[in-house]
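User: Please explain the terms used for helix packing and for the pocket in this model, setting each value against its definition.

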Amino acid sequence: MTHNDQPVNGQDNPSFLDVLNQMPPRPDAKDWPRPKRFAGLRAAWKTSWEEGGFLYERWEEVSQIRHVSWHEVANWIKAAALFTGLSLIVLMLDTAGDVASAALKGLSAVPATSSGDGSGLWGTVDHPVRIFLADQAAHLAVAPAALYAFWQLTGLLGLVGGFLGNAGARIAWLLFGIGTLAMIWSTAPAGGRATATGLAALMWALASIFALRGLSLRPIVHNHPPQYQFSPALHIHATLPAPAAGDGFGDEPDNVHLLQR
């Protein structure tokens, strides 16, 4: 035991280090008892993954999705899929609204483009459209350049989407062509109105080869087998009259009398 050099009242003054020397040695980490705080949770987790457990059954239902129809899928999987789909639709609509709003603001901020001199084949079609949109923009709260850019964007999306087979894009392409022809007809000079409109119609028809690719006007006939089979059968019900008394057949077996009664 460590002692101080100066005694107090004739007694030795013990040192604080003597307390540390009297503590038992620290046990090894492998000898520490495992905490039992999460023992029940670990046991429940292990049991649920065994055959017949809750998580085991849910995993089996998920693994069977590829081999069963939609009606045979578990209800909780249907609910999760519908909730995820609706969330994605809402997210896409919100994103599309922001993108459309930003695009319209950008189109409105575009400076006015040159109206061109109307020379050349493309100028014969493009110049009346520019003039028509500029005249209409004077009565609207939008710049002529924004209307012209939106007209070009509609045609481009209709052409590309129609080429990819989208039905909505093809409808937009048809409306785009009809509206363009109407604008050219109303704005082109009276002497060359028919020529400009006809030239625009030819250009639109040539572009429609790509926009309406694969579209057929022939009706599609679906031959479905009948849902029932008709099996004709003829059933004849005949009733034999009972023999009258005294007709010479009085001696009948007993079983015949029993049947008549």
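Analyst: Axes are lines fitted to C-alpha atoms, for helices over the stretch in contact, and angles run from 0 to 180 degrees between N-to-C directions. Helices are DSSP runs (H or I, at least four residues), numbered from the N terminus. The model is predicted: local features need pLDDT of at least 70, side-chain atom pairs count only at pLDDT 80 or more, and totals for chains, interfaces and linings use all residues. Residues are numbered from 1 along each chain as its sequence is written, and side-chain values use heavy atoms, with hydrogens and water left out.

User: What makes H5 roughly perpendicular to H7?

Analyst: H5 and H7 pack at about 85°, with their axes 8 Å apart. Angles of 65 to 115 degrees count as roughly perpendicular, under 35 as roughly parallel, over 145 as roughly antiparallel and the rest as oblique, so H5 is roughly perpendicular to H7.

User: Which residues of H5 and H7 meet?

Analyst: Contact means heavy atoms within 4.5 Å. Val125, Pro128, Val129, Ile131, Phe132 and Leu133 of H5 meet Thr180, Met183, Ile184, Ser186 and Thr187 of H7. This contact has 8 nonpolar, 3 polar and no charged residues (nonpolar: Ala, Val, Leu, Ile, Met, Phe, Trp, Tyr, Cys and Pro; charged: Asp, Glu, Lys and Arg; polar: the others, Gly among them).

User: Why is H7 called roughly antiparallel to H8?

Analyst: Their packing angle is about 170°, with the axes 9 Å apart; H7 is therefore roughly antiparallel to H8. The residues of their contact divide into 13 nonpolar, 3 polar and 2 charged.

User: Why are H6 and H8 called oblique to each other?

Analyst: H6 and H8 pack at about 40°, with their axes 7 Å apart, and are therefore oblique to each other. Gly158, Leu159, Gly162 and Phe163 of H6 meet Ala207, Phe210 and Ala211 of H8. That contact has 5 nonpolar, 2 polar and no charged residues.

User: How much space lies in the largest pocket, and which residues are closest to its centre?

Analyst: A pocket is an open set of points on a 1 Å grid over the protein atoms alone, where a 1.4 Å probe fits, with protein on both sides within 12 Å along at least five of seven lines; lining residues have an atom within 4 Å of a point. Grid points are joined across faces, edges and corners, and a volume is the space filled by probe spheres set on the points. The largest pocket holds about 330 Å³. Of its 16 lining residues, Trp122, Trp151, Gly155, Trp173 and Phe176 are the closest to the centre.

Technical notes
Helices (H or I, at least four residues) and strands (E, at least two) are DSSP runs, numbered from the N terminus.
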